[in-house]
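Opening my notebook on this one.

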Amino acid sequence: MWNLLSWVMEAAAVMAIVLANGGGEGPDWQDFVGIICLLIINSTVSFIEENNARNAAAALMARLAPKTKVLRDGQWQETDAAILVPGDIISIKLGDIIPADARLLEGDPLKIDQASALLDSDKSQLNN
C-alpha cells in the first residue's frame, strides 16, 4: 500500500470518518467501509500479481542458468555452465543453450540463433 492510489484512498477513508455529511449527521461509515474494502481488494490483487511476477522471474532465471554435458576425468557429467573452465570439452545437441565462449572442435558446421545474445534474429554459421 505504498503508492499514490493507496494514499488517496486512505485520505478519502479518513475524510469520510472525520468529516460529517453536514446537517449535524455523524461520520459516513458506509463510505469508510467501502473505501477500506476497495483498499483490501487492491492490496490483495497487487500481492497476487507481484507474487506471480516473482515466480515468473525465478523461472526465467532458472532457464537462463543452463546445464551442460562436460567431459571431466574421462567421463561425461552434467554440470552448471557457469562453472566451466577454459579447456573443458562440452557436448551439444540440437536445442541446447551453448556457453558464449565455446569453440567447435569437431563435427559439422553449426547454424545458431543469436537472438537472445544480440537482441535480434541474427543467424550465424560457425565453422570452428
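Burial first: I get 11% of the 128 residues counting as buried. This is a predicted model, so I keep that in mind for everything below.

Surface next. The protein exposes about 10,500 Å², and 60% of that comes from carbon and sulfur atoms.

Then the layout. I find three helices and five strands, running α-α-β-β-β-β-α-β from the N terminus. Among contacts with a separation of 6 or more, 13% join residues 24 or more positions apart.

I also looked up the second largest pocket. It holds about 180 Å³ of space. Its lining has 10 residues, with K67, T68, K69, K93 and D96 nearest the centre. Strand β1 (residues 67–72) gives the largest share of that lining, three residues. By type I note five charged, three nonpolar and two polar residues in the lining.

Last, salt bridges: how many does a search of the whole structure find? It finds two.

Entry one is R54 with E50, where the closest N and O atoms are 3.3 Å apart. Both sit in helix α2 (residues 29–63), four residues apart, so about one helical turn separates them. I have R54 down as partly exposed, because its relative accessibility is 48%.

Entry two is D88 with R72, at 2.5 Å from N to O. D88 is in the loop between β2 (75–80) and β3 (89–91) and R72 is in strand β1, so the pair ties together parts 16 residues apart in sequence. D88 is partly exposed at 22% relative accessibility, and R72 is partly exposed with a relative accessible area of 22%.

Key:
Residues are numbered from 1 along each chain as its sequence is written. This is a predicted model: local features need pLDDT of at least 70, side-chain atom pairs count only at pLDDT 80 or more; totals for chains, interfaces and linings use all residues. Side-chain values use heavy atoms; hydrogens and water are left out. Helices (H or I, at least four residues) and strands (E, at least two) are DSSP runs, numbered from the N terminus. Buried means under 20% relative accessible area, exposed over 50%, partly exposed in between (1.4 Å probe, protein chains only). Contact means heavy atoms within 4.5 Å. Accessible areas come from the Shrake-Rupley method with a 1.4 Å probe; for residues, only the protein chains shown count as cover. On a 1 Å grid over the protein atoms alone, a cavity is a set of points where a 1.4 Å probe fits but cannot get out, and a pocket is an open set with protein on both sides within 12 Å along at least five of seven lines; lining residues have an atom within 4 Å of a point. Grid points are joined across faces, edges and corners, and a volume is the space filled by probe spheres set on the points. Ala, Val, Leu, Ile, Met, Phe, Trp, Tyr, Cys and Pro count as nonpolar, Asp, Glu, Lys and Arg as charged, and the others, Gly among them, as polar. A salt bridge is a side-chain nitrogen of Lys or Arg within 4 Å of a carboxyl oxygen of Asp or Glu.
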